[in-house]
Amino acid sequence: MKETDDGLTVTVELPGLEEKDVEVSLEGDTLTLSGEKRQETTEEKAGMHISERSYGSFSRTIPLPWAADPAQATAAFDKGVLTVTLKRPPEAKARTNRIPIGGAKPAP
C-alpha cells in the first residue's frame, strides 16, 4: 500500500489468477480483496490417465486510514497484478505530524 497526495494505491500480485477470479469490495474504511484459484491438469501416458485438481481461496481485509468513496475507487488487473486506487476524501487531509527537536539538556 502506498499513500499519495491524492489518496492510496494498493498493489497486489496474484500470479495464476484471472480478473474473473478476483473480487474487490470497499465498505467504509475497510478494503477487502478475495479470490479463488482453480487448476486442473489431465495427462495420458503409458496407458495411464492422470488427473489432478487443486483449489485455493484467499481473502485479505485491509484497514484504511479513512473511509473511501466507492464511486471514486478504481481497480485494474493486468498480467497477474491487481492495482486498486482510492481517492482521499476532502475531509481527510494528509497526516503529517511534525515533532519538535530540542537541544541537549545540560549535565547536572
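Author: A polar contact is a pair of N or O atoms within 3.5 Å; within protein, one must be able to donate a hydrogen and the other to accept it, and residues adjacent in sequence count only if both atoms are side-chain atoms. This is a predicted model, in which local features need pLDDT of at least 70, side-chain atom pairs count only at pLDDT 80 or more, and totals for chains, interfaces and linings use all residues. Residues are numbered from 1 along each chain as its sequence is written, and side-chain values use heavy atoms, with hydrogens and water left out.

Reader: What makes the pair of H49 and E44 a polar contact?

Author: The side chains of H49 and E44 are joined at 3.1 Å, and the limit is 3.5 Å. H49 also touches T42 and E43, leaving aside neighbours within four places in sequence; contact here means heavy atoms within 4.5 Å.

Reader: Is H49 called buried or exposed, and why?

Author: Buried means under 20% relative accessible area, exposed over 50%, and partly exposed in between (1.4 Å probe, protein chains only). H49 has 51% relative accessibility, so H49 counts as exposed.

Reader: Why is A46 called exposed?

Author: The relative accessible area of A46 is 81%, so A46 is exposed. A46 lies in the loop between strand 4 (30–45) and strand 5; strands are DSSP runs (E, at least two residues), numbered from the N terminus. A46 is not a glycine, yet has a positive phi of about 50 degrees.

Reader: What makes E3 and R88 a salt bridge?

Author: A salt bridge is a side-chain nitrogen of Lys or Arg within 4 Å of a carboxyl oxygen of Asp or Glu. The side chains of E3 and R88 meet at 3.2 Å, N to O, so the pair qualifies. E3 lies in strand 1 and R88 in the segment after strand 7, so the pair ties together parts that are 85 residues apart in sequence.

Reader: Which labels do E3 and R88 get for accessibility?

Author: E3 is partly exposed because its relative accessibility is 44%. R88 is buried because its relative accessible area is 14%.

Notes:
Helix = DSSP H or I, 4+ residues; strand = E, 2+ residues; numbered from the N terminus.
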